[in-house]
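Dear colleague,

I am handing over the structure below, followed by an account of what was found in it. Please read the notes with the structure open beside them.

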Amino acid sequence: MSECVFCRIAAGEAPAVKVYEDDTLCAFLDIRPIVRGHTLVIPKRHAAALEDLDAELGAHVFRAGHRLALAIQRSSLAADGANLVLNDGTAAFQTVPHVHLHVIPRRHRDTLRLTLGFLLRRPYDPIATATAIRGGIAALDNEDNPGAGPDEGADE
């Protein structure tokens with residue numbers, strides 16, 4: 001088994017509440033979220049830092065983060081925006097040596113709540129949160145394919 005916790009999550013060998021997965025990446029709820037809906041997007045293939053990640057896979061990670069940010073806005077979490085943050089290296093506060101993009105939902109005038117979230121980092125109801133995000137993904141799928149049936153246009 002890999003020593004990298006994110007590689008173990010991607011392989012299904014460590015627990016995580018996943019909200020999205022494809023052949024090359026997965027997205028799951030942060031175990032110590034700053035705010036409800038704080039999600040991490042990771043490549044399944046190990047890359048400790050940006051210099052270990054090929055540009056196309058990096059672009060795919062960011063496209064997934066972009067889509068998740070939009071999905072969170074359309075979900076019952078009803079975020080007004082999002083921060084997409086990638087910390088590269090310990091000097092940039094990267095705490096897990098595996099490239100990961102933070103998708104952090106934001107609300108208007110949430111500066112105090114965000115600051116407290118950095119300090120408290122407490123979990124929210126992960127199952128309900130993941131269900132809400134998946135609902136937002138489904139809403140995006142419906143926007144992208146308005147006439148599609150339930151199985152058409154799904155990425156999962």
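In this predicted model, the buried residues of helix H4 are Thr-129, Ala-130, Ala-132, Ile-133, Gly-136, Ile-137, Leu-140 and Asp-141. H4 itself has 19 residues and spans 27 Å from its first C-alpha to its last, which is close to the 27 Å expected at 1.5 Å a residue. At the start of H4, the backbone nitrogen of Ile-127 has a side-chain oxygen of Asp-125 within 3.3 Å.

The packing of H4 with H2 can be described in more detail. Two packed helices are described by the angle between their axes and the distance between the axes. Here the axes of H2 (residues 55–74) and H4 (residues 126–144) come within 7 Å and cross at roughly 100 degrees, and the two helices are therefore roughly perpendicular to each other. On the H2 side the contact is made by Arg-67, Leu-68, Leu-70, Ala-71, Ile-72 and Arg-74, while H4 contributes Ile-133, Gly-136, Ile-137, Ala-139, Leu-140, Asp-141, Glu-143 and Asp-144.

A separate point concerns His-102, which lies in strand E5 (residues 101–106). With a relative accessible area of 11%, under the 20% limit, His-102 is counted as buried. Its side chain makes a polar contact, at 3.5 Å, with the side chain of His-100. When neighbours within four places in sequence are left aside, the residues in contact with His-102 are Asp-30, His-38, Thr-39, Leu-40, Asn-83, Leu-84, Val-85 and Asn-87.

Most residues other than glycine have a negative phi. Ala-78, although not a glycine, has a positive phi of about 50 degrees, and Ala-78 is found in the loop between H2 and strand E4 (81–85). At 32% relative accessibility, Ala-78 counts as partly exposed. Phe-93, also not a glycine, has a positive phi of about 70 degrees and sits in the loop between E4 and E5. Its relative accessibility of 68% places Phe-93 among the exposed residues.

Technical notes
Residues numbered from 1 in each chain as written. Predicted model: local features only at pLDDT ≥ 70, side-chain atom pairs only at ≥ 80, totals over all residues. Heavy atoms only, no water. Axes fitted to C-alpha atoms, helices over the stretch in contact; angles between N-to-C directions. Helix = DSSP H or I, 4+ residues; strand = E, 2+ residues; numbered from the N terminus. Parallel < 35°, antiparallel > 145°, perpendicular 65-115°, else oblique. Contact = heavy atoms within 4.5 Å. Expected span 1.5 Å × (residues − 1). Buried < 20%, exposed > 50% of the residue type's maximum accessible area, 1.4 Å probe, protein only. Polar contact = N/O pair within 3.5 Å; in protein donor to acceptor, adjacent residues only side chain to side chain.
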